[in-house]
Amino acid sequence: MTNFLYQPKDANGPVFKAPWEATAFSLVIALHKSGTFTWLEWANYLTVKIESAQAQGDADIGDTYYEHWLSALEAIAQEKKLTDVSELVQRIEQWRSAYLNTPHGQAVELNASV
Amino acid sequence: MSNSEDHDHDHDHDHDHDHDHTALPSELELRVKALESLLIEKGLVNPETLNEIIDTYEHRVGPRNGAQVVAKAWTSAEFRQALLTDATDAVASLGFMGRQGEHLKVVANSDDVHNLVVCTLCSCYPWTVLGLPPAWYKSAPYRSRAVSEPRAVLAEFGTHLADTTRVQVWDSTAELRYLVLPQRPAGTEGWSEAQLAELVTRNAMIGVEVVNPPETNEVRG
């Protein structure tokens, strides 16, 4: 796999601060594996997000790396017509609502949002 | 995965114990969930492929923190005592617990008792010390069978205990997570913490396995 310049890693590969970071990372690997985009394409999207964050004063690259990764993933998913803004926004609200409507201890399901 | 997901209580926020709904994940987590569920729903990402990839990286979250905790408890009687008295504090003293609202309890294995951790309700898991929960930990069969027939579950992991060893099952909650302190294997006398930590597996800290003695008695360099 391609190594990305700023990606937090140790001798054995990438490291993550939280599970969502690993999921975001894995989604990109899965989309690349299925041929949705090349590594070069992905690297370009990621670079754009990182550079624009840097331009806006993002100092700690390591800490916010996967925020940029996620923004780049949302951007490339829209560019490739996998989804669009309104669908994403709607789905985020559905998940939020599902969490709020699910009693503690039960699995959170999307249909709990309605 | 698809549209259903166990909540892992792995969000960066303070739990509010007064609310009875499931605690809301961070905005970043919600964005990931939205994308993940849409891509799976549309068949753009195969959930099995995704799970395989996540499995590969799950141990890279908070990598190996738990193993270091165990190794330290094996080499320092003082730390072991502190860990068993107040694991939340002891683990925080190593810099591994960045989160609030949850407590960690460490349960020690001995010749008399073997501890096994499960979350029967969902999939509460001390991921700051263990990384992401494995898929089987979140599965319904493990969640029910760990309680109803723990020895059979252990046998499936290749763990066969003496008849005289009692199995104690600990059911995790959002507020209290468990970490098993396995028995230090024979043949590791004089080993450093770092060497010992390499022997400690995630499964041993959940309690489905024991830490096996090293294959040779040579001290690894």
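A word first: the model is predicted.

Start with helix 1 of chain B, residues 27–41. Helix 1 of chain A, residues 19–33, packs against helix 1 of chain B at about 30 degrees. Their axes are 10 Å apart. Angles under 35 degrees count as roughly parallel, so helix 1 of chain A is roughly parallel to helix 1 of chain B. The crossing of these two helices is left-handed. Who makes the contact? On the chain A helix, Trp20(A), Thr23(A), Ala24(A), Leu27(A) and Leu31(A). On the chain B helix, Leu28(B), Glu29(B), Val32(B), Glu36(B) and Leu39(B).

Helix 4 of chain A, residues 85–101, packs on helix 1 of chain B at about 115 degrees, with the axes 8 Å apart. That makes helix 4 of chain A roughly perpendicular to helix 1 of chain B. This crossing is right-handed. From helix 4 of chain A, the contact residues include Arg91(A), Ile92(A), Trp95(A) and Tyr99(A). From helix 1 of chain B, they include Leu30(B), Arg31(B), Ala34(B) and Leu38(B). The class count here is eight nonpolar, one polar and seven charged.

The lining of the second largest pocket splits into eight nonpolar, eight polar and two charged residues.

Technical notes
Residues numbered from 1 in each chain as written. Chains lettered and ligands numbered in written order. Predicted model: local features only at pLDDT ≥ 70, side-chain atom pairs only at ≥ 80, totals over all residues. Heavy atoms only, no water. Axes fitted to C-alpha atoms, helices over the stretch in contact; angles between N-to-C directions. Helix = DSSP H or I, 4+ residues; strand = E, 2+ residues; numbered from the N terminus. Parallel < 35°, antiparallel > 145°, perpendicular 65-115°, else oblique. Left-handed = near helix turned anticlockwise from the far one by under 90°. Contact = heavy atoms within 4.5 Å. Nonpolar A, V, L, I, M, F, W, Y, C, P; charged D, E, K, R; others polar.
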